[in-house]
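Biologist: Before we discuss anything in detail, could you put the sequence and the model on the screen?

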Amino acid sequence: MDRRYRKTIIAGNWKMNITPSEAKKLTTALLPLSAVKDTSIVLCVPAIDITTVKRTLRQTRIAVGGQNCHFESKGAFTGEISPEMLIDAGAKYVIIGHSERRSMFGDTDEIVRKKIASAIAAGLRPILCVGETEEQRKQGVTEEIIRVQIKSAVYGLSADDFRKIVVAYEPIWAIGTGNTATPEDANEVCKLIRTCLRELYGARPSRSISILYGGSMNEKNAKALLAMPHIDGGLIGGASLKPDAFAAIVEASKA
Ligand code: PEP
């Protein structure tokens with residue numbers, strides 16, 4: 001409840017799709033969305049696309065985000081990108097702890113915690129992803145998994161820094177599979193996430209944290225998901241690559 005205290009956010013995750021020259025075209029197709037007032041729109045793009053996307057979006061309300069960062073500011077970390085680099089290139093947000101990073105690139109809960117802290121210190125707003133596997137859901141341990149992921153990610157964050165995070169509930173079995181969580185199930189876990197945040201930081205700070213749902217959200221199912229009281233927006237993978245579908249999801253987010 002208390003949706004009035006938080007932003008509705010629709011964030012696209014382009015993953016490892018879209019070259020810089022394609023990025024200009026896709027971003028240009030999304031420019032009409034800058035007229036949307038009550039929903040914050042974020043494009044989380046490959047790091048090499050950020051400058052192009054930022055330039056194409058200039059003077060619009062659409063924000064740019066990265067999809068990952070290192071927890072160090074600089075140094076001998078070949079191939080990595082620091083939060084400061086993302087900021088300097090024009091990013092405002094960064095996805096942290098996406099399940100693809102956790103499962104394929106070794107991002108543990110502890111690494112996720114360090115990345116969240118560094119991203120905030122650099123001035124970014126982290127979109128913290130949490131979610132259970134299909135097996136964990138079947139075993140009935142979704143609540144425990146989510147609680148551990150949330151608690152370890154924000155461990156040690158001050159109340160002021162905590163306010164800068166966005167959480168995305170992304171059941172792993174729903175990402176890129178076409179199997180969306182039912183609005184009721186997604187709402188239930190988003191509610192649990194807020195309860196967990198409230199236990200850690202109190203009612204007032206946690207009521208302003210936006211909690212998104214991600215996992216095969218598309219132009220057909222968005223309205224029902226976004227109508228749920230504990231879902232404050234969406235993190236969109238596949239459908240964010242199609243301007244019409246992404247625009248329809250933004251439209252569905254309007255109150
Ligand atoms: C994602 O990558 O965060 C995601 C939700 O992907 P999709 O919408 O394709 O399931």
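Predicted model: local features only at pLDDT ≥ 70, side-chain atom pairs only at ≥ 80, totals over all residues.

Biologist: How many disulfides does the structure hold?

Modeller: A disulfide needs two cysteine sulfur atoms within 2.5 Å. For Cys44, which is in no disulfide, the nearest cysteine sulfur is that of Cys129, 8.7 Å away. Cys190 is likewise in no disulfide, its nearest cysteine sulfur, again that of Cys129, being 12 Å away. The number of disulfides in the structure is zero.

Biologist: Is Cys190 buried or exposed?

Modeller: The cut-off for buried is under 20% relative accessible area. Cys190 has a relative accessible area of 0%, so the word that applies is buried.

Biologist: Which residue has a backbone N or O atom that lies 2.6 Å from an oxygen atom of the ligand?

Modeller: The residues that come nearest to the ligand include Gly176 and Ser216. A polar backbone atom of Ser216 is 2.7 Å from a ligand oxygen, whereas for His98 an N or O atom of the side chain is 2.9 Å from an oxygen of the ligand. The residue with a backbone N or O atom at 2.6 Å is Gly176.

Biologist: What percentage of the area that the ligand exposes when taken alone does the protein bury?

Modeller: The space that the ligand takes is the second largest pocket, and the shell around the ligand comprises four nonpolar, eight polar and two charged residues. Taken alone, the ligand exposes 290 Å², and of that the protein buries 96%.

How values were computed
Residues numbered from 1 in each chain as written. Heavy atoms only, no water. Buried < 20%, exposed > 50% of the residue type's maximum accessible area, 1.4 Å probe, protein only. Near = heavy atom within 4 Å. Polar contact = N/O pair within 3.5 Å; in protein donor to acceptor, adjacent residues only side chain to side chain. Areas by Shrake-Rupley, 256 points an atom, 1.4 Å probe, with all protein chains shown as cover. 1 Å grid on protein atoms, 1.4 Å probe; cavity = no way out; pocket = protein on both sides within 12 Å on 5 of 7 lines; lining within 4 Å. Sits in = over half its atoms within 2 Å of the grid points. Nonpolar A, V, L, I, M, F, W, Y, C, P; charged D, E, K, R; others polar.
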